[in-house]
Amino acid sequence: MCAGWWGAEPMEAFTRLDAVAVPMARPNIDTDQIIPARFLSRPREVDHGQFLFHDARRLPDGEQNPEFPLNRPEWQSARIVVGGRNFACGSSRESAVWALFDAGFRCAIAPSFGDIFRNNGMKNGLLPVVLPAEVVEAIIAQLEAEPGARIGVDLPTQTVTAPDGSVHSFEIDPFAKHCLLNGLDDFGLTAAYEEDIAAFERRYGRENTL
Amino acid sequence: MSEPIGPRTMFEKIWSRHRVTEREDGQTLLYVGRHLLHDGGATAFDVLRRRGLKPRAPDRIFATPDHYVSTASRKVEEIEDPRHREMVEKLARNTAEHGIRQFGLGDPNQGIVHVVGPETGLSQPGILLVCGDSHTSTHGALGALAFGIGSTEVAHVLATQTLWQRQPKTMRITVDGTLGPQVTGKDVILAIIARISAAGATEHVIEFAGSAIRGLSMEGRLTLCNMSIEAGGRAGMVAPDETTYAYLAGRAYAPKGAEWDQAVARWRQLPSDEGAVFDTEVTLDGNAIQPMVTWGNSPEDALPIDGVVPDPAAAPDAERREQMERMQAYMGLTPGMPLTDIGIDRVFIGSCTNSRIEDLRAAAAVARGRKVAEGVLAWVVPGSEPVKRQAEAEGLHEVFRTAGFDWREPGCSMCLGTNGDIARPGQRVASTSNRNFMGRQGPGARTHLLSPAMAAAAAVTGRFTDVRRLVGG
Ligand code: SF4
């Protein structure tokens, strides 16, 4: 098996990030909010950042809502989003990750995530970090009290440094961590298991042909 | 890789049967038995193309366009928006190029991917099935392990027929008792989500169990499992039983003859063993479940039809209070308002949640001999061509048309509106779909989720109505 068998398309690696974080405290912010359905027919090459929270950040008359966190000048340069419970739940649309990524985000922190978003994030260089609800609440309070405050995220040590200097560790799947740190996607890793897959197919195929 | 000893859950049985290998870090490479595609998945093929890859097992892949098809016409060239047309055409091109069976527009089996899978017999007990769509959980109703994946994962499955996963936790939701008249799978799942929250099953695979679940038809079970994802669940499943086998027998891709007997014998081994341990257990009393309607922007905001819009002042914390206020502002509702006082503008009977023949029969039973209320625009969008044909054979389309409903062509339609079927800002929609998120059915549209019979009751009365008042209650 040659190394390039699956083709190469490296993902952007994630190691450490020290960046402005924007708080979005509401629970259940779904992927329909993050990117409305009418933008889903756009190919990956299109800058999806322009669709990020497209409707949520506008007023009913179509003007930008100056109150929406992403529209506030202090949070223009945010690269981390700190969300509420069940952040990015709902639709499996990977473009929710692309919208955040293309707008500069590389990390999302929340007490819980929609499972599919979490997977999609890790496969696209957007690190999802789960912290206990009370820690996230405290961080959001700090970010709201001091708009533009920064958060440090360190993947090798699996820690988040809050604006107040407190340090919180987080869990991450070792496999996903390895992929993110090295900018690998799992196509390449799966190639190493080609023989196992072929052997499985011989076993399985007999009972499960159509 | 240690084999589990002792009693196993149905989930564990299917999981271990599809395990190609497991790494020391716990990541498992799973073999995908069936992969379904729809017209929203073009990017996965772009990834393959860029890498010079091909689908590994085209005979395990089936496709149908649903998200971008018109519900006014069956002709690709009559899809007005060129972007939408392009999505439908791309699926046809990509599947033709790689020898993948597509139930395209005009094919007698075309429909919403989660209606087509079970209906053609492609979704079967004991298989691992994936699709680039979160409502893939639907297929678990047949005792499959079925879950939605993102488009990078779709590309990975296309290329390798496998997927890396970490074993999720298991949750058993037991609903015992007997469901009352007009209480459906939709009401059961809304009651469950209201109870455990929209994140209640995050990182879990749900198995639905109990006498109320066993008593559901296959259509009811499909509705139930469909919305597992709205409780945060990775997948939802119901153990196969006689209802399952009766549903599957004779379907196009179901095993035949001696193979059928062998398959059923195998499927009978699937249900969770006595004493199998689940990470989380939830129980609900099926006798107490009422027809439900949602009032907010999460499926967890569901109440029995005799309820009132809740008061944010009574919220358990400030965060929930603020959220309730925002949702009620968006939805144009005031606390204390009886749900039955809320007037509606549109009705949508359709989507992978509730567009099957039993759903249409239930709605037609309410519509029969009645008229859609003045000022209400009501649509029925069958889930697939076979559902449409069956409904027409039974004369249901005439019942709907006579009552003033619009009888349309199969597709996702107003569930998501990617094909342009959307409501106007501020319009209130009684919808049998699965998500009442802000803007889901168009910017500013207000979605309330309910069962097909309840949606029909809303259509003919112009407001939310306890369907039991209209038909045998
Ligand atoms: S009907 Fe709705 S939920 Fe179902 S697949 Fe189509 S868009 Fe998704």
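Let's start with a charged pair: R38(A) and D55(A) bring their side chains together in a salt bridge, at 2.7 Å from N to O. Both partners lie in the loop between α1 (31-34) and β2 (80-83) of chain A, so the pair ties together parts that are 17 residues apart in sequence. R38(A) is partly exposed, with 37% relative accessible area, and D55(A) is partly exposed too, at 25%. Keep in mind that this is a predicted model.

## Bridges that reach further

Over all chains, the structure holds 39 salt bridges. Here's another from chain A: R106(A) meets E12(A) at 2.7 Å, N to O. R106(A) sits in the loop between α2 (95-102) and β3 (107-110), while E12(A) is in the segment before β1 (16-24), so this bridge ties together parts 94 residues apart in sequence. R106(A) is buried, because its relative accessible area is 11% and buried means under 20%. E12(A), at 38%, is partly exposed.

Over in chain B, D273(B) and K13(B) form a salt bridge of 2.8 Å, N to O. D273(B) is in the loop between α10 (257-267) and β12 (280-285), and K13(B) is in helix α1 (residues 10-17), which puts the two 260 residues apart. D273(B) is partly exposed at 29%, whereas K13(B) is buried at 9%.

Some bridges share partners: R74(B), E385(B), K388(B), E392(B) and E409(B) are joined that way into one network.

## A negative patch

Now for the surface, where E134(A), E137(A), D317(B) and E319(B) gather in a patch of negative charge. E134(A) belongs to helix α4 (residues 133-145) of chain A. E134(A) counts as exposed because its relative accessibility is 56%, and the cut-off for exposed is over 50%.

Notes:
Residues are numbered from 1 along each chain as its sequence is written. Chains are lettered from A and ligands numbered from 1 in the order in which they are written. This is a predicted model: local features need pLDDT of at least 70, side-chain atom pairs count only at pLDDT 80 or more; totals for chains, interfaces and linings use all residues. Side-chain values use heavy atoms; hydrogens and water are left out. Patches are made of residues with over 30% relative accessible area and no salt bridge: like charges are joined within 9 Å, nonpolar side chains (Val, Leu, Ile, Met, Phe, Trp, Tyr) within 5 Å. Accessible areas come from the Shrake-Rupley method with a 1.4 Å probe; for residues, only the protein chains shown count as cover. A salt bridge is a side-chain nitrogen of Lys or Arg within 4 Å of a carboxyl oxygen of Asp or Glu. Lys and Arg count as positive and Asp and Glu as negative; His and the chain ends are not counted. The place of a charge is taken as NZ of Lys, CZ of Arg, CG of Asp or CD of Glu. Helices (H or I, at least four residues) and strands (E, at least two) are DSSP runs, numbered from the N terminus. Buried means under 20% relative accessible area, exposed over 50%, partly exposed in between (1.4 Å probe, protein chains only).
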